[in-house]
Amino acid sequence: MNKDQYKEVLEILNFESTRKEMVILGALLKSQNEPTAFVDFEAIRSQLAIEEGGKKGKDPLIYRGLSGLEKTGFIQVDRSEHKHGYNTDVGLMHEVFRKAINKAISKLENELHLIDTEIEQLSKIDIEELSTDMISLAAGKQKIEKPVFAEGWENVIQLIEDKIYTYAKKGDLVRFSLEWLSRSDMITPIRADRLGRLMDEGVIFLGLEHNKISKQQRELFKRFTLAYREQGFNPGFRICERQDSTYQFVGRNDEGIVLIVSENPMSATWIPRNANPDLVDNAIESFDTDYDVGEDITDIGGD
């Protein structure tokens, strides 16, 4: 390793030779007659004066530097006598450099990981969308959200999680049509617990069904409803019988709906209100009308 490389390594480790502590360490090394020798403060101060052209350094600054060197591990101090002795050797330096290098490597690895993450984020950016959002932001307009399509049970459930539950907060109203949710295995304990946490935070849930699901499925919904109410929550779940088809969706307030567009294969589309206000408003109006005249699920017999 040449002189320039040596200098770069010391700078990386924050042990530049021009630092006051490193100058004091050099004076200590020059004051030692042998590696095992301890030298006193006066010897170190005299050596510093020689190196600095006879100028006597301030004692508090020298003591502070020695304290820093001890804390770092570069030196050891003998306090058995009235005058303290100071010593350093290859073993001490080896341990300090080992720890410093490992710490520097870990720091650089973390920085590289952060850079990789930022690169990945930047590579996924839709430049057209970013440009549109920036123009909207500069003009003081709200971001124009786009519809999102999902296919398959898990993807549809995840879409509901992402667009409805993630942003739900105290006072928000979640409308939930239930005829499409025919698979009982999709109501897992984890998902049931998620709904409970949202209700505990003050999110209001209203469920609606049109007497088109099986008795077994209705009983399952009834048990969940009663279980939530026993915990002190008050989810609404009503049944309004009707023969014609109507919107099947999950929505939060009037901001948008996850509309179920097919049950075989299962598929859904997130429709933000700005994308299709008429459809969103019609779906919500239809839901509210049926819910108002519906009968609570716990009041309906299981025959």
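This briefing walks through the surface, the inner spaces and a few backbone details of the structure above. The structure is a predicted model, in which local features need pLDDT of at least 70, side-chain atom pairs count only at pLDDT 80 or more, and totals for chains, interfaces and linings use all residues. Residues are numbered from 1 along each chain as its sequence is written, and side-chain values use heavy atoms, with hydrogens and water left out. Helices (DSSP H or I, at least four residues) and strands (E, at least two) are numbered from the N terminus.

**Empty space inside**

- Here is the idea behind this part: rolling a probe the size of a water molecule over the atoms shows where empty space is left.
- A cavity is a set of points, on a 1 Å grid over the protein atoms alone, where a 1.4 Å probe fits but cannot get out; lining residues have an atom within 4 Å of a point.
- Grid points are joined across faces, edges and corners, and a volume is the space filled by probe spheres set on the points.
- By this rule there is 1 cavity of 30 Å³ or more.
- The largest cavity holds about 440 Å³ of space.
- Its lining has 24 residues, and those nearest the centre are Tyr165, Phe176, Leu178, Leu181 and Leu195.
- Two or more lining residues come from each of α7 (153-165), α8 (189-200), β6 (204-209), α9 (215-230) and β7 (236-239).
- By class, the lining of the largest cavity has 19 nonpolar residues, 3 polar and 2 charged (nonpolar: Ala, Val, Leu, Ile, Met, Phe, Trp, Tyr, Cys and Pro; charged: Asp, Glu, Lys and Arg; polar: the others, Gly among them).

- A pocket is an open set of points with protein on both sides within 12 Å along at least five of seven lines.
- The second largest pocket has a volume of about 360 Å³.
- Of its 13 lining residues, Leu13, Asn14, Ala100, Lys103 and Ala104 are the closest to the centre.
- Helix α5 gives the largest share of this pocket's lining, with 8 residues.
- The lining of the second largest pocket divides into 7 nonpolar, 2 polar and 4 charged residues.
- Asn14 sits in the loop between α1 (3-12) and α2 (20-31), and its phi is positive, about 65 degrees, although it is not a glycine.
- Asn14 is partly exposed, at 43% relative accessible area (buried is under 20%, exposed over 50%, partly exposed in between, with a 1.4 Å probe and protein chains only).

- Leu122, Ile125, Ile127, Leu130 and Met134 make a nonpolar surface patch of about 510 Å².
- Patch residues have over 30% relative accessible area and no salt bridge; like charges are joined within 9 Å, and nonpolar side chains (Val, Leu, Ile, Met, Phe, Trp, Tyr) within 5 Å.
- A salt bridge is a side-chain nitrogen of Lys or Arg within 4 Å of a carboxyl oxygen of Asp or Glu.
- Accessible areas come from the Shrake-Rupley method with a 1.4 Å probe, and for residues only the protein chains shown count as cover.
- Helix α6 (residues 127-138) supplies the largest share of the patch, 3 residues.
- Ile125 lies in the loop between α5 (90-123) and α6, and is partly exposed at 36% relative accessibility.

- Asn264 and Pro265 are joined by a cis peptide bond, with omega about 0 degrees.
- Pro265 belongs to the loop between β9 (256-263) and β10 (266-272).
- Asn253, in the loop between β8 (249-252) and β9, has a positive phi near 50 degrees and is buried at 18% relative accessibility.
- Val280, in helix α10 (residues 277-293), is buried with a relative accessible area of 0%.
- From C-alpha to C-alpha, Val280 and Gln47 are 84 Å apart in space, and they are 233 residues apart in sequence.
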